Amino acid sequence: MSKPFLKWAGGKAKLVANISHQLPQAKRLVEPFAGSAAVSLALEFDTYLLNDANADLINVYSILKEEKQEFIDYAQSFFTPENNQETRFYEWRECFNHTENCVEKAALFMYLNRHAFNGLCRYNSKGGFNVPFGRYKSPYFPADEMRGYIEKSDRITLMCGDFQAALDLVQFDDAVYCDPPYVPLNETASFTAYSQGGFTWQDQVSLLQCVEQAAQKCRGVVLSNHDTAATRELYRNAYIEALEVQRNIAAKGSSRVKVGELLARWHE
């Protein structure tokens, strides 16, 4: 069992046991919204398909898969006391937003992931990474976790596209786990700028349609989202398990409260 090497908003490391319980037996696990890939890294399948709309994220997975320890050493070279300063952070963030070197961009993504505020991954309207400096005393470099990914990487296929492109590839002996951007709990909680364009209610409806089609072709699909009246209605034809999950993205520790989530499941 490997752990994610990336900090990630809404990462599923703490929910792996619940998700595993709902996933059917299958040869391949498909994740149309890979994020930190917590589920794929924790669970054993013969092969994996990891897709994400975030090209920078898939680039990191690709470079680490190809370069292995050499990339780990290079990425770790950015984790120095000199680089853990506000001025240097913004210089490296600017470099990340303009470099065309995919290896340098991947290493800087690792740097930003651990030095930016709360490990957020957010972009402005022009596609520039815009999360501010996190002010951490000693950012952790996840060398062991990166090596855990490398051990599995020969069994991992990567793609960068929308969820429909990934779900179109689903086959009979697949299990699917979908972790889309969540429906907001309220109107002010619309953290959707993870990849350019956001994720609208119509996207949620389109995802449901794709999921229902995919479930007819594979072993089964599990999907997570906030537990709201809207999502309950949207997933009314699925089996639903309700959960309470600790949220760790809030700026103040006192506001890191448990929120309701659900796992919706469709069988073949």
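First, a term I keep using: contact means heavy atoms within 4.5 Å. My helices are DSSP runs (H or I, at least four residues), numbered from the N terminus. I'm working with a predicted model, where local features need pLDDT of at least 70, side-chain atom pairs count only at pLDDT 80 or more, and totals for chains, interfaces and linings use all residues. Residues are numbered from 1 along each chain as its sequence is written, and side-chain values use heavy atoms, with hydrogens and water left out.

**Entry 1: two helices.** I looked up where H3 and H6 touch: Asp 56, Leu 57, Asn 59, Val 60 and Ile 63 of H3 meet residues of H6, including Phe 109 and Met 110. How do the axes of H3 (residues 55-67) and H6 (residues 102-115) cross? They come within 9 Å and cross at roughly 105 degrees (axes are lines fitted to C-alpha atoms, for helices over the stretch in contact, and angles run from 0 to 180 degrees between N-to-C directions). So H3 is roughly perpendicular to H6 (that label covers 65 to 115 degrees).

**Entry 2: the core.** The largest nonpolar core has 57 residues, and Phe 5, Leu 23, Phe 71 and Phe 109 have the most contacts inside it. Such a core is a set of buried Ala, Val, Leu, Ile, Met, Phe, Trp, Tyr and Cys residues joined through side-chain atoms within 4.5 Å, with buried meaning under 20% relative accessible area (1.4 Å probe, protein chains only). H6 gives the most to this core, seven residues.

**Entry 3: Phe 5.** I checked its neighbours: leaving out residues up to four places away in sequence, Phe 5 touches Val 60 and Met 110, among others.

Technical notes:
Angles under 35 degrees count as roughly parallel, over 145 as roughly antiparallel, 65 to 115 as roughly perpendicular and the rest as oblique. Buried means under 20% relative accessible area, exposed over 50%, partly exposed in between (1.4 Å probe, protein chains only).
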